[in-house]
Amino acid sequence: MAHAGRPATKLQITDTERAELKVRLRVRKAPEDEKLRMRIVLGCADGESGSMIAQRLGTTVQTVSKWRRRYQAYRLAGLTDAPRAGRPRSVHDEQVQHIVDKVRQSKPDNATHWSVRQMSREAGVSPATVQRIWHAFGLKPHLQETFKLSTDPHFVDKVRDVVGLYMAPPDRALVLCVDEKSQIQALDRTQPGLPLTFGKPSTRTHDYKRHGTTSLFAALDVATGKVIGQLKRRHRSVEFLQFLKAIDAAVPSGQDIHLIMDNYGTHKTQAVRAWLAAHPRYHVHFTPTSASWLNLVERFFSQLSEKWIKRSAHTSVVQLEHAIQEYIDRHNQDPKPFVWHKSADTILASVARAASSII
């Protein structure tokens, strides 16, 4: 009769250590061998056997046993490589941990974030050492990303509704992402720049002359990538209603139309509501507030800006409008749809993690 092996003994780690391991695992540029060691430790802490961990992570039981023992003996500091033959280390694990904790948990008295030289003076090591430590842990105190969490009380329902249209659109229906890119400026540089050449990028002056603005109303067909566009000098409810009528004239009659759009005031006026009520084949799906990233037409607007407008010069609004219309025409000759990959559950889980980390 076969006998069950000795049950695995959980590796005892504190909640603080577990949280720190998970934070380090999320560092995208952290060394993969160190991430493997962290996953081994977390598996041991969850009570998994060495053979199960080795099979799940694609390593050996001996490797699992080695890093379990190292962690028991040295805790977090034991997950780094042991010193090799050569010059003795001049920076010890305690100094490394001090530098990492200092940059993450505090700021200098005379600045909003640590610089390499300030940390060098604070920790008593060379600037090059600080740079190596920050690089090893993926720490970039000079960078700051922006974010905004939606406060829409119906956020979850709206995310599931819109993402559902992207990933499982209704049969024999057209899904259009609608929005306007307002205040597109016709800018002309004050002096001609130099062209691209060997070893040097092209140049442009930092200042410019303004020649007015225009607004682009656009509807992106999710299935084909084609764009229906209209240019208007203003972006009031009147112009939006005119654009809805243009959409109605451009799409097949008798087909249900699902419009994905944001909560901008011009989309919800009485005139617009009355028009939609008189055209029951139109079904409106609003994105959550502060979640414009959920509208795929924003991807088209981004391409328009980066590929066509940003580096161009326009001496009049008419010239700018002709250029935008030319881009739309070229785009529609060979359209490519933007394919949505993330499920609603993945998005909601990501937002939940972001919310929990700042509360």
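1. A cavity, in the sense used here, is a set of grid points where a 1.4 Å probe fits but cannot get out. In this predicted model, the structure holds one cavity of 30 Å³ or more. The largest cavity has a volume of about 40 Å³, and the residues lining the largest cavity are Arg24, Glu34, Met38, Leu76, Leu79, Thr80 and Phe137. Sorted by class, that lining has four nonpolar, one polar and two charged residues.

2. The largest pocket has a volume of about 2200 Å³. Of the 48 residues that line the largest pocket, those closest to its centre are Arg26, Arg28, Glu145, Ala354 and Ser357. Helix H1 (15-25), helix H2 (32-45), helix H5 (93-105) and helix H13 (344-358) are the elements that give two or more residues to this lining, and H13 gives the most, with nine residues. The lining of the largest pocket has 23 nonpolar, twelve polar and 13 charged residues.

3. The second largest pocket holds about 680 Å³ of space. Of the 20 residues that line the second largest pocket, Thr80, Arg89, Asp93, Val96 and Ile133 are the closest to its centre. H5 and helix H7 (127-136) each supply at least two residues of this lining, with the largest share, four residues, coming from H7. Nine nonpolar, four polar and seven charged residues make up the lining of the second largest pocket.

4. The chain is divided into domain 1 (15-78), domain 2 (93-137) and domain 3 (159-195 + 203-346). The lining of the second largest pocket draws at least three residues from each of domain 1 and domain 2, while the C-alpha centres of domain 2 and domain 3 lie 45 Å apart.

5. Where does serine 312 lie? Serine 312 is found in the loop between helix H11 (297-309) and helix H12 (317-333). A polar atom of the side chain of serine 312 lies 2.5 Å from the backbone oxygen of tryptophan 308. Serine 312 and aspartate 188 are 124 residues apart in sequence, yet 8.0 Å apart in space, C-alpha to C-alpha. Because its relative accessible area of 30% falls between the limits of 20% and 50%, serine 312 counts as partly exposed.

6. Are cysteine 44 and cysteine 177 buried or exposed? Cysteine 44 counts as buried because its relative accessibility of 2% is under 20%, and cysteine 177 is buried as well, with a relative accessible area of 0%. A disulfide is a covalent bond between the sulfur atoms of two cysteines. A search of the whole structure finds zero disulfides.

Definitions and conventions: Residues are numbered from 1 along each chain as its sequence is written. This is a predicted model: local features need pLDDT of at least 70, side-chain atom pairs count only at pLDDT 80 or more; totals for chains, interfaces and linings use all residues. Side-chain values use heavy atoms; hydrogens and water are left out. Buried means under 20% relative accessible area, exposed over 50%, partly exposed in between (1.4 Å probe, protein chains only). A polar contact is a pair of N or O atoms within 3.5 Å; within protein, one must be able to donate a hydrogen and the other to accept it, and residues adjacent in sequence count only if both atoms are side-chain atoms. On a 1 Å grid over the protein atoms alone, a cavity is a set of points where a 1.4 Å probe fits but cannot get out, and a pocket is an open set with protein on both sides within 12 Å along at least five of seven lines; lining residues have an atom within 4 Å of a point. Grid points are joined across faces, edges and corners, and a volume is the space filled by probe spheres set on the points. Ala, Val, Leu, Ile, Met, Phe, Trp, Tyr, Cys and Pro count as nonpolar, Asp, Glu, Lys and Arg as charged, and the others, Gly among them, as polar. A disulfide is a pair of cysteine sulfur atoms within 2.5 Å. Domain bounds come from an automatic or database domain assignment.
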